[in-house]
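Hi everyone, thanks for coming. Let's take a look at this one together, helices to begin with and then a pocket.

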Amino acid sequence: MTATWSVETAEFKKNAANVVNNNNIMAVVKNNAYHYGLNFAVEQFLQIGINTFSTTSLKEAVRIRKIAPEATIFLMNAVYEFDVLREHQIHMTLPSLQYYYEHVEDLYDIHVHLEFENLLHRSGLKTIDEIKEVLQHHEQNENTLKMHISGLWTHFGYADEFDVPDYDIEKTAWLNVVETLLKDGYQFEMIHAQNSASYYREGCVLPNHTHARVGIALYGSRPYGSLDESLIKQSLTVKGNVIQVREVQQGDYCGYSFAYEATENNTKLAVVDVGYGDGILKARAKHEAMINGKRYPIRALMMSHMFVEVDSEVNAQDEVILYNNDMRVDEYTFKGVGANSEQLSAMNHDSLIKEYR
Ligand SMILES: Cc1ncc(COP(=O)(O)O)c(C=O)c1O
């Protein structure tokens, strides 16, 4: 008996196809495909017709090229290994005016996507004037060995926020940039901005855009809580096992450092073989685990164990679900445990048994 992390491959693929829904999607596969496994995810996405991928790591981009020789691969972070980009035909962001002028010669033959900074302030050209400056400088550059401007993009930092006007502000500013450049006669092979939240909020790929750049929805978690659960399905199960059920009495402290005090006599505690060392977040352990289809409160979290308060229906060797499609990662996101990607990234794939079914 060891705790397991498992993905139902057919469900993963079915969910991704539902998310795509005949739209043009660039799959975000950064951080080992949100911890679902880069090779696994890229292979499934290719099978459902996605052939455009993005990541933040050059190493991952090169790995994607090996799996997907024909795909368009977009690197969202600027790097300085220009030969590697050329060798593997990896598109890359243009992150600032300074980077452009410093590396205008290094960038020859590399496909760049001009990035608009907008409200996130993480990267990008600051204004439409800066974007035009690059476009004009590039046009006037008579060097035959020069970069290719293949795309225009931004990232919305507020698409997941509903109670503030910031998403509308950043979207309006961005659409104005796109429309103005197109009106001025500039053309881009690729224009992309939307993450999962924006893609679902808009109900489509934005006008003039070639792709939505979607991550978390493809992995089975909803970006915001008002989205119907049936639209996005989780294929991941994380589960442990009951090692034994023990009784404690009122006033007994259980777990390290008085973690839990039993409030009644004959309290039944299931000792379960999964803990924070396997990646279960402390905040997640404030909620329940599911045993035989019923939810029971987690009472204490240790490195390799947890206590779950149970009743007489629970026995040694029963399975203890921490995450599945009925106990979804996104449910705990909306309960304040942490972002979907934070919960997924926490999983320790070296201690959990990892299975693709
Ligand atoms: C630049 C960029 N684009 C797209 C995404 C995808 O976002 P989501 O997983 O919410 O769809 C991310 C994720 O953090 C990102 O950093």
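This is a predicted model: local features need pLDDT of at least 70, side-chain atom pairs count only at pLDDT 80 or more; totals for chains, interfaces and linings use all residues.

Let's start with helix α1 (residues 9-20) and helix α3 (residues 38-47): their axes come within 10 Å and cross at roughly 55°. Axes here are lines fitted to C-alpha atoms, for helices over the stretch in contact, with angles from 0 to 180 degrees between N-to-C directions. Helices are DSSP runs (H or I, at least four residues), strands are E runs of at least two, and both are numbered from the N terminus.

Residues count from 1 along each chain as its sequence is written, and side-chain values use heavy atoms, without hydrogens and water.

Next, α3 packs against helix α4 (residues 58-67) at about 45°, with the axes 10 Å apart. That pair is therefore oblique too.

Now, which residues lie nearest the centre of the largest pocket? They are Lys30, Tyr34, His155, Asn195 and Ser341, out of 33 lining residues. A pocket is an open set of points on a 1 Å grid over the protein atoms alone, where a 1.4 Å probe fits, with protein on both sides within 12 Å along at least five of seven lines; lining residues have an atom within 4 Å of a point. Elements giving two or more residues to this lining include α2 (30-34) and β6 (111-116).

Note on methods: Angles under 35 degrees count as roughly parallel, over 145 as roughly antiparallel, 65 to 115 as roughly perpendicular and the rest as oblique.
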